Amino acid sequence: MLEPHDHLIVNNLNVSRGEAHVLFDINMHLAPNEIVACVGRNGAGKSTLLKSISGFLQADSGDVQSHGHVLTGLRPYEVARLGVKYVPQDKRVFSDLTVRENLELGSYASGDYDWDPVITYFPKLQILMDRKAGHLSGGERQMLMIGRAILGRPKVLLIDEPTEGLAPSIVTHLKYVFTELSKSASVLIVEQNLPLVCAISKRVYALKEGRFVAELKDDQVRTDVCEHYL
Ligand SMILES: Nc1ncnc2c1ncn2[C@@H]1O[C@H](COP(=O)(O)OP(=O)(O)OP(=O)(O)O)[C@@H](O)[C@H]1O
Ligand SMILES: [Mg+2]
């Protein structure tokens with residue numbers, strides 16, 4: 001059921017990669033302050049979905065809307081400027097640049113030079129300011145990527161497998177950060193970490209071979225996701 005105040009609406013989205021049709025008639029929505037998860041096996045199309053929403057891949061048909069703007073057909077930087085930020089799966093940072101320089105690029109792109117929220121969520125980045133991003137651990141790099149993404153105070157955050165390969169203490173910290181971020185934004189996370197999904201998401205879309213096969217809510221999330229969709 002679509003609500004007029006939804007932060008993100010995806011209508012009948014179809015996406016191909018090369019010759020392969022990867023996403024089929026995807027419909028979804030994100031309400032303000034919601035943390036929604038998308039789960040599915042390897043190759044199900046989860047990253048393709050986030051890349052299509054954020055402008056990195058173009059759809060064959062269908063559309064994506066946010067706050068009355070149609071995002072479909074826009075370039076990634078235009079989508080970002082409309083408050084929809086994407087944190088890719090591959091933890092891509094500018095390796096030869098320091099943490100500070102990476103954040104400066106984020107500030108330049110977003111026009112937001114207030115780093116207080118970034119440091120509040122990730123105090124460790126303050127200590128690492130002059131370290132080259134290529135020398136960060138996986139967890140530190142994820143902090144930098146999410147920190148950079150929250151510059152500009154986005155309304156929608158799309159985060160692809162944020163905890164993949166990270167130590168439990170960092171996963172616990174990210175869980176806290178996502179919950180805090182959802183007080184001012186909608187968060188869509190692609191995750192394979194079931195305890196995390198169950199702890200923070202009240203709604204989960206299950207993707208199988210490019211199609212949403214279920215939308216799970218509340219208690220169903222706890223039981224059905226584990227049994228059927230991963
Ligand atoms: N660059 C690409 N070119 C062509 N096909 C691709 C490309 N990247 C992914 N695909 C195909 O698109 C389909 C969906 O891939 P996608 O990366 O979206 O899946 P995923 O659910 O994110 O998987 P994972 O859990 O491994 O990250 C797969 O069949 C994959 O082979
Ligand atoms: Mg993926």
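Predicted model: local features only at pLDDT ≥ 70, side-chain atom pairs only at ≥ 80, totals over all residues.
Residues are numbered from 1 along each chain as its sequence is written, while chains are lettered from A and ligands numbered from 1 in the order in which they are written. Local features need pLDDT of at least 70, side-chain atom pairs count only at pLDDT 80 or more, totals for chains, interfaces and linings use all residues, and side-chain values use heavy atoms, with hydrogens and water left out.

Let us start with the ligand. Ligand 1 is surrounded by 13 residues, and Gly43, Gly45, Lys46, Ser47 and Thr48 are the closest (a residue counts if one of its heavy atoms lies within 4 Å). This shell holds 7 polar, 4 charged and 2 nonpolar residues, with Gly counted among the polar ones. Helix α1 (residues 46-53) is the element that gives the most to the shell, with 3 residues. Oxygen atoms of ligand 1 lie 2.8 Å from a backbone N or O atom of Gly43, 2.9 Å from a polar side-chain atom of Ser47 and 3.0 Å from a side-chain N or O atom of Asn42. The protein covers 59% of the 630 Å² of accessible area that ligand 1 has on its own (Shrake-Rupley method, 1.4 Å probe).

Helix α3 comes next. Its buried residues (under 20% relative accessible area, 1.4 Å probe, protein chains only) include Val99, Asn102, Leu103, Gly106 and Ser107. Seen down the axis of α3, the buried residues fall within an arc of 140 degrees, so they line one face of the helix. An α-helix has 3.6 residues a turn, so residues three or four places apart point the same way.

Methods:
Polar contact = N/O pair within 3.5 Å; in protein donor to acceptor, adjacent residues only side chain to side chain. Helix = DSSP H or I, 4+ residues; strand = E, 2+ residues; numbered from the N terminus. Buried < 20%, exposed > 50% of the residue type's maximum accessible area, 1.4 Å probe, protein only. Arc of directions from axis to C-beta.
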